[in-house]
Amino acid sequence: MDDTPAHDIQSRRVVIIGGGIIGVAAAHFLKNDGHDVVVVDKGPIGGACSHGNCGLVCPSHVLPLAEPGAPWSAMRSMLNPASAFRVKPRLDPSLWSWFWNFNRRCNQRDMLESAAAIQPLLLRSMRLYEELVTEDAPTDIRCDWTKRGLLFVYRDAKPLDAYAPTDRLLGERFNESAVRFGPGELVEREPALRDDLAGGWWFEHDAHLRPDKLLNSWVESLRGRGVRFIPDAELTELVIQDGVARDAKLKTSAGEESVDGDVFLFATGAWTPLLSRWLKITVPIQPGKGYSITLPAPAGGPQSPMIFPQHRVAVTPMNDRLRLGSIMEFVGYDESIQPKRLRLLTEATRTYLRGDLADAIDAAPQDDAWQGWRPMTYDSTPVIGRCGAYENVYVSAGHNMLGISMAPASGQLIASLISGTTPALDPTPYRPQRFAV
């Protein structure tokens with residue numbers, strides 16, 4: 001990818017608040033445009049959802065969570081203590097406003113509207129990843145990039161058959177249809193699976209990667225190009241003068257520090273609503289808590305990434321590691337890791353994987369039990385653009401469960417908006433101001 005800045009772009013100092021995959025991708029494309037870039041994070045760089053996710057890069061995930069029938073499915077799940085979905089009842093007006101808006105979008109028209117906004121980010125990100133991280137890419141960003149598609153695996157015939165109309169919709173409207181496998185074809189594709197399953201659907205165009213390697217490699221590449229990273233630095237104040245943000249006050253282990261900038265970009269994920277006093281807009285993001293476990297890959301273990309829709313568990317092979325991930329909890333900013341929730345991940349594997357593999361997973365040491373907050377918008381669409389109150393404050397957040405899948409295109413889009421160049425994608429669907437309508 002050409003790193004030569006466009007000559008008609010005025011170089012400015014851009015301060016990015018948030019060092020996850022969205023902030024790092026933005027830093028890459030802003031640096032390409034010739035800007036001086038500083039990335040600040042309240043914790044380790046890439047230490048939140050960008051670390052523990054399942055590493056799926058999935059153009060197949062076009063449809064939003066808000067779809068016809070979703071509210072009833074959620075209510076049934078809440079009555080099941082073993083369900084991957086949970087809501088902690090509490091007096092939180094923002095939470096119930098979010099659910100009200102989510103529910104009203106659970107119709108065909110709004111679902112397709114969101115999907116039309118989601119797909120361009122997914123497709124362009126896939127193309128950009130292939131320019132950035134494949135073995136023959138000119139960059140030095142390496143992340144165990146693997147393109148083996150994605151399997152949806154079903155235990156029972158009824159839900160397998162019930163997915164057929166969704167597959168037709170994906171094929172007819174979005175050119176993302178899957179290949180249906182019967183039991184024998186499924187095991188032939190992935191021998192780690194049991195041979196008594198109903199079947200599955202295979203999305204052949206999807207890929208996966210190791211997210212921590214992606215972040216570490218990308219950050220080192222950017223450091224080599226002059227991007228400055230400031231970890232463990234909490235934003236305490238954004239100084240405004242004459243309607244323009246001038247500098248960020250940070251609290252670090254070494255004391256107070258100020259970072260001046262010409263542009264400030266908030267790539268703060270699920271934390272974004274807590275920073276609204278600086279954004280001067282309401283960003284309806286709820287933290288959707290997820291869990292993952294990373295363990296040594298068992299001999300003969302899965303080679304393809306899989307999702308078990310009936311149990312809502314994802315399994316991703318990462319060379320010598322295997323990652324299991326799932327759970328969607330609306331419990332606020334709760335950092336606790338519940339062992340019984342982690343057990344849902346390992347118990348699900350016994351339903352789908354061969355017995356010897358399930359035994360090995362049960363006995364394996366868990367290298368990394370993780371929880372993190374996905375930044376969930378009620379329309380499943382990210383928030384990317386200028387905030388409006390200040391001419392030099394921007395936001396890129398709300399990527400729901402698709403931050404890895406959308407990061408390169410989101411970074412390129414926000415860079416073009418800041419640089420004043422023609423964006424590769426229409427930015428209208430992602431405008432922060434859409435929530436004020």
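**Figure 1. Packing of helix α5 on helix α13 in the predicted model****.** Helix α5, which spans residues 108–132, packs with α13 at an angle of about 90 degrees, and their axes lie 7 Å apart. The two helices, α5 and α13, are therefore roughly perpendicular to each other, because angles of 65 to 115 degrees count as such. From α5, the contact is formed by Ile118, Leu121, Leu122, Arg124, Ser125, Leu128 and Tyr129; these residues meet Ile404, Ser405, Met406, Ala407, Pro408, Ala409, Ser410 and Gln412 of α13. By class, the residues of this contact between α5 and α13 comprise ten nonpolar, four polar and one charged.

**Figure 2. Packing of helix α1 on helix α13****.** Helix α1 (residues 21–32) packs with helix α13 (residues 403–419) at an angle of about 45 degrees, with 7 Å between their axes. That angle makes α1 oblique to α13. The crossing of α1 and α13 is right-handed. On the α1 side, Ile21, Ile22, Ala25, Ala26, Phe29 and Leu30 take part; their partners in α13 are Gly403, Ile404, Ala407, Pro408, Gly411, Gln412, Ile414, Ala415 and Ile418. Twelve nonpolar and three polar residues make up the contact of α1 with α13, and no charged residue belongs to it.

Figure 3. The predicted structure holds zero disulfides. Cys54 is buried, its relative accessible area being 14%. Cys106 is buried, with a relative accessible area of 13%.

**Figure 4. Asp144, a residue other than glycine with a positive phi****.** Most residues other than glycine have a negative phi. Phi of Asp144, however, is near 60 degrees. Asp144 is located in the loop between α5 and β5 (150–154). With a relative accessible area of 25%, Asp144 is partly exposed.

**Figure 5. Asn319, a residue other than glycine with a positive phi****.** The phi value of Asn319 is near 55 degrees. Asn319 lies in the loop between β16 (313–318) and β17 (321–330). This residue, Asn319, is exposed, with a relative accessible area of 58%.

Technical notes
Residues numbered from 1 in each chain as written. Predicted model: local features only at pLDDT ≥ 70, side-chain atom pairs only at ≥ 80, totals over all residues. Heavy atoms only, no water. Axes fitted to C-alpha atoms, helices over the stretch in contact; angles between N-to-C directions. Helix = DSSP H or I, 4+ residues; strand = E, 2+ residues; numbered from the N terminus. Parallel < 35°, antiparallel > 145°, perpendicular 65-115°, else oblique. Left-handed = near helix turned anticlockwise from the far one by under 90°. Contact = heavy atoms within 4.5 Å. Nonpolar A, V, L, I, M, F, W, Y, C, P; charged D, E, K, R; others polar. Disulfide = S-S within 2.5 Å. Buried < 20%, exposed > 50% of the residue type's maximum accessible area, 1.4 Å probe, protein only.
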